[in-house]
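Work through the exercises below with the sequence and the 3D view open. Each task is followed by a solution in steps.

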Amino acid sequence: PRKRPAARRVGAAAPRGPRAQARKRTVPVEAALEERGLKLGPPDVARGNFAMCVRSGNLLFLAGHLPKDDQGNLMVGKVGQDMTLEDGRKAAQSIALNLMSTIKDNAGGSFHNVRRIVKLFALVNCIDTFTEQPQVVNGCSDLLCELFGERGLHARSAVGTNSLPLGVPVEIEAIVELVE
């Protein structure tokens, strides 16, 4: 016998948010980007003695990526001082697109080769009394869940710090599992 889905309470709202969006996403990632009018830029290039992405087995380890505006310029600022929480979210969302560009470049040129986004580690450049780092990083997490569906739901750390390289408001690194 088939199991029936659990009944929702009468009048209860349908599930919302990134988890609900992650469950229902079936459109290919490239089409989802196009639907939202989003474009990927070229993958970032390491500016030092490190790689932007290292593959080990079927895992990609992405170095910290920085936020860029629509013209490709680095976004700078400190959340809670000269940037609002919403500005920080937008910076984190731009990092999601930068991460995706690196992922695609290292996954054979296709998001079909991505099994899942495993983990994000995020640093938020903020004032000492700012405590909403997770809400800032949701800009990245929410977009990944919207675009990848269940494959985008990941573990995550969001940490506040007093400074980041080049004065950027957010830096995010990722671990991604590829299809073998």
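## Exercise 1: An aromatic pair

F111 is buried, with a relative accessible area of 1%; buried means under 20% relative accessible area, exposed over 50%, partly exposed in between (1.4 Å probe, protein chains only). This is a predicted model, in which local features need pLDDT of at least 70 and side-chain atom pairs count only at pLDDT 80 or more, while totals for chains, interfaces and linings use all residues. Residues are numbered from 1 along each chain as its sequence is written, and side-chain values use heavy atoms, with hydrogens and water left out.

Task: describe the aromatic pair that F111 forms with F148.

Solution. Step one: rings of Phe, Tyr and Trp (its six-membered ring) pair if their centres lie within 6.5 Å; planes under 30 degrees apart count as stacked, over 60 as edge-to-face and the rest as tilted. Step two: the structure holds one aromatic pair. In this pair, F111 and F148 lie 5.5 Å apart centre to centre with 90° between the planes, an edge-to-face arrangement. Step three: F111 sits in the loop between α3 and β3 and F148 in helix α4, 37 residues apart. Helices (H or I, at least four residues) and strands (E, at least two) are DSSP runs, numbered from the N terminus. Step four: F148 is buried, at 3% relative accessibility.

## Exercise 2: The nonpolar core

Task: find which residues touch the most other members of the largest nonpolar core.

Solution. Step one: such a core is a set of buried Ala, Val, Leu, Ile, Met, Phe, Trp, Tyr and Cys residues joined through side-chain atoms within 4.5 Å. Step two: among its 36 residues, V114, F148, I172 and V176 touch the most other members. Step three: the largest share, eight residues, comes from α3.

## Exercise 3: Helix α3

Task: compare the reach of α3 with its expected span.

Solution. Step one: the expected span is 1.5 Å times one less than the number of residues. Step two: α3 (residues 85-106) has 22 residues, and 32 Å is expected. Step three: from first C-alpha to last, α3 reaches 31 Å, close to that value. Step four: just after α3, G108 takes a positive phi of about 75°.

## Exercise 4: An exposed loop residue

Task: state whether L166 is buried or exposed.

Solution. Step one: L166 lies in the loop between β4 (155-161) and β5. Step two: L166 counts as exposed, at 63% relative accessibility. Step three: its phi is near 60°, a positive value in a residue other than glycine. Most residues other than glycine have a negative phi.
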